[in-house]
Amino acid sequence: MAGAIASRMSFSSLKRKQPKTFTVRIVTMDAEMEFNCEMKWKGKDLFDLVCRTLGLRETWFFGLQYTIKDTVAWLKMDKKVKKQILDEKIYCPPEASVLLASYAVQAKYGDYDPSVHKRGFLAQEELLPKRVINLYQMTPEMWEERITAWYAEHRGRARDEAEMEYLKIAQDLEMYGVNYFAIRNKKGTELLLGVDALGLHIYDPENRLTPKISFPWNEIRNISYSDKEFTIKPLDKKIDVFKFNSSKLRVNKLILQLCIGNHDLFMRRRKADSLEVQQMKAQAREEKARKQMERQRLAREKQMREEAERTRDELERRLLQMKEEATMANEALMRSEETADLLAEKAQITEEEAKLLAQKAAEAEQEMQRIKATAIRTEEEKRLMEQKVLEAEVLALKMAEESERRAKEADQLKQDLQEAREAERRAKQKLLEIATKPTYPPMNPIPAPLSPDIPSFNLIGDSLSFDFKDTDMKRLSMEIEKEKVEYMEKSKHLQEQLNELKTEIEALKLKERETALDILHNENSDRGGSSKHNTIKKPQAQGRRPICI
């Protein structure tokens with residue numbers, strides 16, 4: 001279902017560029033493309049070009065949509081493009097707008113990185129509708145903060161996964177994929193007919209969000225028109241036929257064409273896949289597995305790269321530390337060398353002084369011996385001689401003591417010199433060790449045609465009837481109910497996210513700026529019926545009674 005609804009594309013402008021060509025701008029969910037078309041091109045030529053550009057293979061799910069004179073239509077493949085144009089508006093609640101914006105950012109920028117995606121990186125992006133921006137007292141920075149908060153939670157999602165999540169949210173919008181047509185019932189009351197992938201819906205003109213009544217495709221037996229009158233026959237014969245009038249005959253033709261196409265896709269999705277579709281699904285699974293392996297490989301490489309960068313930073317830190325240690329060792333060595341030189345010089349001086357003192361002591365001893373040997377003839381001379389001898393002995397003793405002290409000091413200086421040289425040797429050894437250390441440790445290498453079951457229709461004059469084949473509608477209804485249950489389970493988490501964001505920004509809302517669609521959406525949310533899947537209601541009937549709208 002998602003593929004059929006979300007695959008519609010449209011023209012946003014059409015302008016003549018030169019006499020033989022014109023430009024068509026195609027707008028999709030996440031891209032805007034321009035194509036140069038020849039004047040003679042038909043719808044199929046442009047459609048094939050778009051499909052080739054986007055790489056689409058399931059072309060039966062897709063089409064080009066446009067509006068003209070307030071009427072939504074599909075580009076006809078057998079008519080010239082030049083005669084066809086578009087404008088489309090879909091209501092999106094504020095909380096869903098923020099979540100959609102976050103997935104769009106994930107698809108464009110990849111994973112959130114605070115060092116790269118700094119404040120203001122979304123300033124030039126147009127991610128939110130102006131209606132939503134004007135509805136709240138919030139600055140662009142506040143909107144960016146909330147979008148970025150959701151964006152950061154999508155980490156690890158690839159581009160295609162982000163786009164798929166975007167489509168899953170978009171397809172659940174009440175107006176998404178619905179083509180509206182102005183009609184009147186038998187009483188002349190103005191109504192709107194909505195045609196989408198789920199069925200036919202009747203709306204009040206003032207409320208395009210919640211249908212008054214719906215006819216699922218599996219509960220419709222026949223649709224037809226005669227002139228301007230259109231007829232819907234339910235499968236349950238107890239329910240009266242619903243008839244309405246359109247403004248023009250061509251509108252009825254367009255409605256029937258849309259009904260046939262949507263019913264065809266509705267039935268195709270519930271049949272066994274063809275061999276081609278099975279092959280494409282197998283290829284898609286293989287491609288998904290390949291991309292998963294590629295993402296894992298890239299994640300491993302990124303982790304290894306980060307580890308290598310951390311190792312490099314650690315090595316650079318250690319290298320810087322070693323350089324500082326080497327510088328300090330050099331300075332210590334220089335100081336040791338200077339100290340050793342000073343000590344060596346002082347030791348030499350002390351040693352020379354000790355030798356000189358020893359020489360003087362020897363000379364004094366010789367003089368004393370000479371004096372003793374000399375005969376002193378008189379007592380006075382003897383006394384004087386004894387006094388001189390005593391003085392000489394005292395002087396010799398002092399000189400001997402001084403010589404001994406100098407000798408000890410010389411020995412101490414020699415010992416200090418030896419220790420200084422030993423310190424110098426150790427400093428040189430440490431410097432050599434630092435110089436020979438490896439700077440970096442060894443690093444590990446980073447490391448199509450429609451099937452026969454498709455109903456046919458015949459056009460006679462201004463009337464056309466279309467009968468749906470009598471298939472096992474009971475089985476089909478059970479499958480649809482199962483799909484609805486599965487969908488509601490899957491969307492439970494999404495609704496919790498949207499409600500959380502809605503609660504955050506509700507206090508900043510400007511009530512006076514709410515549009516009619518905002519009010520209707522809030523009322524639907526309060527009633528718990530915000531999902532379009534909840535609006536598919538089978539008309540109840542007891543006996544045969546008319547449908548009143």
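Which residues are linked with Lys509 in a network of salt bridges? In this predicted model, which counts side-chain atom pairs only at pLDDT 80 or more and asks at least 70 for local features, while totals for chains, interfaces and linings use all residues, the network links Lys509 with Glu506, Lys511 and Glu514. Residues are numbered from 1 along each chain as its sequence is written, and side-chain values use heavy atoms, without hydrogens or water.

A salt bridge is a side-chain nitrogen of Lys or Arg within 4 Å of a carboxyl oxygen of Asp or Glu, and the whole structure holds 18 of them. One of these joins arginine 290 to glutamate 287 at 2.5 Å, N to O. The two residues are three apart in helix α8 (residues 275-373), about one helical turn; helices are DSSP runs of H or I with at least four residues, numbered from the N terminus. Arginine 290 is partly exposed at 45% relative accessible area, as is glutamate 287 at 32% (buried is under 20%, exposed over 50%, partly exposed in between; 1.4 Å probe, protein chains only).

Aromatic rings of Phe, Tyr and Trp (its six-membered ring) pair when their centres lie within 6.5 Å, with planes under 30 degrees apart stacked, over 60 edge-to-face and the rest tilted. The count is nine aromatic pairs. Phenylalanine 121 and tyrosine 151 have ring centres 6.3 Å apart and planes at 35 degrees, so this pair is tilted. Both phenylalanine 121 and tyrosine 151 are buried. One aromatic cluster is formed by Phe215, Tyr225, Phe230, Phe242 and Phe244.
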